[in-house]
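Subject: Structure handover

Hello,

Please find the structure below. My notes on it follow.

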Amino acid sequence: MTRKDNRIKPSEITPEDVYLNRRKLVAGAMAMGLLPGCQPDATAAAIPEGGEFGDLQPWAGSTSERSTPLEAASSFNNYYEFGTGKDDPARYADTLVTSPWSIEVTGEADRTGTYALEDILKPHALEERVYRLRCVERWSMVIPWVGFPMADLLKRFEPRSSARFVQFYTLADREQMPGLRSNILDWPYLEGLTIEEAMHPLTLAAVGMYGKVLPNQNGAPIRLVVPWKYGYKSAKSIVRISFTDERPRITTESRSEGGWTWQTAWNWYAGNEYGFYSNVNPNRAHPRWSQQVETRIDGTFPEPSIDTQLFNGYAEEVAHLYQGMDLIKNH
Amino acid sequence: MQRWQLGLIKAVVWAACLAPLAWLYLRIFHQIGGYVASPSIEILHTIGKTGLNLLLITLAVTPLRVLTGLNWLVRLRRLFGLFSFFYLSLHFSAFVWLDLGFRWRIIFAEIVLRPYLTIGMLALLLLIPLAVTSTRSMQRRLGRRWAQLHRLIYAIAILGVWHFWWHGKQTSNEPVVYAGILALLLGFRIWRGWQRRQRRQASG
């Protein structure tokens, strides 16, 4: 798939004085405590210049489990655009340019187009949500994300009733991302959700973690976080969101089953290992390892070895999305 | 070679073989040489790879001895072999303890169900008789059969590299390098065996 030129046109750039004023306004309001960022109608979220977000409303659903140290969460990453080693992203992602940034919105929606990140964030109130993150490789973390519900963003694009799936594309720029020289994945990195999953209140658009701006290696400036699925579903550094009525190809089905024009990144890599849904499920083993146990990276030694929970412990919130579905077959 | 010279060399080998363990300790507990995000995963992988390295070094002793004429090298072979066994036993312990938290039902099922674990386990089990019979007195007692038994090391090395090859996503070419080195080491034996046969035919 070829990617369109996503450079921002001069006409789309917010004039510098307007943009600076806005920041001053927000900073001033925050200093005076006028912008607690917690009220549903509080507005003007932005990437803070100093790198730290102001007071963030703690989210009621946050897990109280011990958080992974920021140092671990930002030095042990899978972000193949910067290399396949766990420490490659932390080592090489400083070449990623996260500002200016824009997201192209395409497909089955009424308000498609290219939006500057500033404009994307503006109307939303940022909150801090502590989620479990379960990697398919059998390790897990607990991360305090800074973000807002993805649904609130997607609704602004006015998806049509024909929008059954939402695709999230990660940046694929060879100049910034040395890992793209390898053809281990079919770049650009593409992940996708059903519209119901994408609109679920747990699905987060994250711009920070640990009260700070996202480190590049964690998917700056904006990424997806879907806490009940294996980590690779949560696409990083999103440059394109597309609403589609066509279902994804799933490698394990026969070629004659048509109706698809796209396939998610890891399903393309190995369909029997990484399905489209990729819900955390201890009952469905990866072909090469059991998924019943996980190593919780929490800064201690030895790290706790804990029992993996169905939907990563979010069954109460999300199980209804999959009612009557064979979760082994539709893994 | 003098006795003290060999003693000195052995001391260096001991230190070199223990160094990966010390290095791991310093990195994990004193953050020397970089931060380790996940000690468990780091230990499991580093120790397993060290064990495999030592296994290949053990197999490299004879070719090196033949090529360089340094016959005393053979007196280090047992040390390398036993250190390899030591690290691979630690690797298995890390799998049982750090990776799966002593969940024996899952551990047993995993070893049976996942071919890469089955062959890794088999390699470790096959190493046990070699370690047990590594003493000089056992060597004397077993005579000819000792050499036959210790040829198992070739199968063990193949299983070990195979286990490494299969263990994860194929994102690195490291296993290919290991397989290449193993092929060279085993190829040397085949070549020598063939040479010996040629000589025997010529003289017979």
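Which helices of chain B do the buried residues of helix 9 of chain B pack against? They pack against helix 2 (39-68) and helix 8 (152-166) of chain B. Contact here is between two residues whose C-beta atoms, placed from the backbone, lie within 7 Å. Helices (H or I, at least four residues) and strands (E, at least two) are DSSP runs, numbered from the N terminus.

This is a predicted model, in which local features need pLDDT of at least 70, side-chain atom pairs count only at pLDDT 80 or more, and totals for chains, interfaces and linings use all residues. Residues are numbered from 1 along each chain as its sequence is written, while chains are lettered from A and ligands numbered from 1 in the order in which they are written.

Helix 9 of chain B

The buried residues in helix 9 of chain B are Tyr178(B), Leu182(B) and Leu185(B). A residue is buried if 20 or more other C-beta atoms lie within 10 Å of its own, exposed if 12 or fewer, and partly exposed in between, with C-beta atoms placed from the backbone. Of the 30 residues of this helix three are buried, so it lies largely in the open. Helix 9 covers residues 174-203 and should span 44 Å at 1.5 Å a residue; its end C-alpha atoms are 44 Å apart, which agrees. The expected span is 1.5 Å times one less than the number of residues.

Contact between the chains

Chain A and chain B each give 18 residues to the contact. On the side of chain B that touches chain A, helix 2, helix 3 (77-99) and helix 4 (104-113) of chain B each supply at least two residues. Helix 2 of chain B has the largest share of that side, three residues. By class, that side has nine nonpolar, five polar and four charged residues. Ala, Val, Leu, Ile, Met, Phe, Trp, Tyr, Cys and Pro count as nonpolar, Asp, Glu, Lys and Arg as charged, and the others, Gly among them, as polar.

Backbone of chain A

Ser99(A) and Pro100(A) are joined by a cis peptide bond, with omega about 0 degrees. Pro100(A) is in the loop between helix 3 (88-92) and strand 2 (102-107) of chain A. Another cis peptide bond joins Phe301(A) and Pro302(A), with omega about -10 degrees.

Tyr210(A), which is not a glycine, has a positive phi near 55 degrees. Tyr210(A) is buried, with 22 other C-beta atoms within 10 Å.

Regards
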